[in-house]
Amino acid sequence: MISRWGAARDAVRNAATGPAVTYGLIAVCCAIFVISPVSGLNPSYGLGDRLLVAQAAYFERWGVIPAELMGGSPGALLTPLTALFVHGSWLHLLGNMLFLFVFGAMAEERMGQVHFALFYTGAGYLALLVYAAVNADSEQTLVGASGAISAVLGAFLFLLPKARVTSLFPFLFFLPLRFPAWAVLIFWFVLQWLAARGAGSGPGVAYLAHLVGFGVGFVYAWGRYGRGTRVNASSATEGESQP
């Protein structure tokens with residue numbers, strides 16, 4: 001009885017405040033990007049070579065460097081958390097925030113605000129940590145919320161598999177077509193898997209972090225909520241950008 005009352009209370013609170021955590025994460029990521037040297041909008045970082053040096057230092061300070069993290073550097077232990085709020089380009093930022101906006105709101109509504117916030121940061125940290133462990137000798141810096149957002153997608157697949165998602169696919173001339181969430185997300189997962197198999201060890205998209213995050217999100221939702229708690233949602237909209 002207490003558990004049901006608590007769930008009902010959380011549902012009423014979430015309905016009143018909306019997906020505040022999702023919107024807050026988007027706002028923080030955007031604000032951090034705008035004031036960072038990566039956006040090119042902050043004149044204090046200068047131009048040309050000076051700006052490039054500032055960008056490199058920025059990534060090294062706040063991003064994950066697998067060799068340092070796996071080497072036991074105390075300062076590197078926080079980087080899988082700080083890296084979730086750092087993005088490498090405008091396209092990187094906008095693609096991630098689009099996916100978070102679409103899928104995060106309904107996942108947060110189902111989980112509750114505090115639970116969703118802990119899930120997002122914990123799964124994101126774990127995704128980057130696993131990537132660093134697999135690439136323990138790499139000196140390449142890893143940044144972005146992709147691992148955390150991929151976890152949201154994995155949880156969404158379990159919690160709301162029948163939600164209708166409007167998707168834009170380049171090979172279909174960007175026509176807006178509606179599909180069940182399970183079809184879109186499984187298709188996305190397969191693309192990440194194929195891309196990860198063909199990815200080299202150099203700089204680029206960390207597809208492994210996507211796969212790990214997605215798997216963590218799905219398994220966590222399955223273990224935490226079970227089969228009896230899936231939700232039938234009405235609709236969502238997804239762009240073609242990938243987290």
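## Crossing of α6 and α7

In this predicted model, helices α6 and α7 cross in a right-handed manner; a crossing is right-handed if the near helix is turned clockwise from the far one by less than a right angle, and left-handed if anticlockwise. The two helices pack at an angle of about 125°, with their axes 7 Å apart. α6 is therefore oblique to α7, a class that takes the angles left over once those under 35 degrees (roughly parallel), over 145 (roughly antiparallel) and 65 to 115 (roughly perpendicular) are set aside.

Axes are lines fitted to C-alpha atoms, for helices over the stretch in contact, and angles run from 0 to 180 degrees between N-to-C directions. Helices are DSSP runs (H or I, at least four residues), numbered from the N terminus.

## Crossing of α7 and α8

Helix α7 (residues 113-134) also meets helix α8 (residues 146-159): their axes come within 7 Å and cross at roughly 120°. This pair is therefore oblique, and its crossing is right-handed.

## Nonpolar surface patch

V34, I35, L41, W90 and L94 form a nonpolar surface patch with about 490 Å² of accessible area together. The elements giving two or more residues to the patch are α2 (20-35) and α6 (90-111).

W90 lies in helix α6 and counts as partly exposed because its relative accessibility is 38% (buried is under 20%, exposed over 50%, partly exposed in between; 1.4 Å probe, protein chains only).

## Basis of the values

Residues are numbered from 1 along each chain as its sequence is written.

Note on methods. This is a predicted model: local features need pLDDT of at least 70, side-chain atom pairs count only at pLDDT 80 or more; totals for chains, interfaces and linings use all residues. Side-chain values use heavy atoms; hydrogens and water are left out. Patches are made of residues with over 30% relative accessible area and no salt bridge: like charges are joined within 9 Å, nonpolar side chains (Val, Leu, Ile, Met, Phe, Trp, Tyr) within 5 Å. Accessible areas come from the Shrake-Rupley method with a 1.4 Å probe; for residues, only the protein chains shown count as cover. A salt bridge is a side-chain nitrogen of Lys or Arg within 4 Å of a carboxyl oxygen of Asp or Glu.
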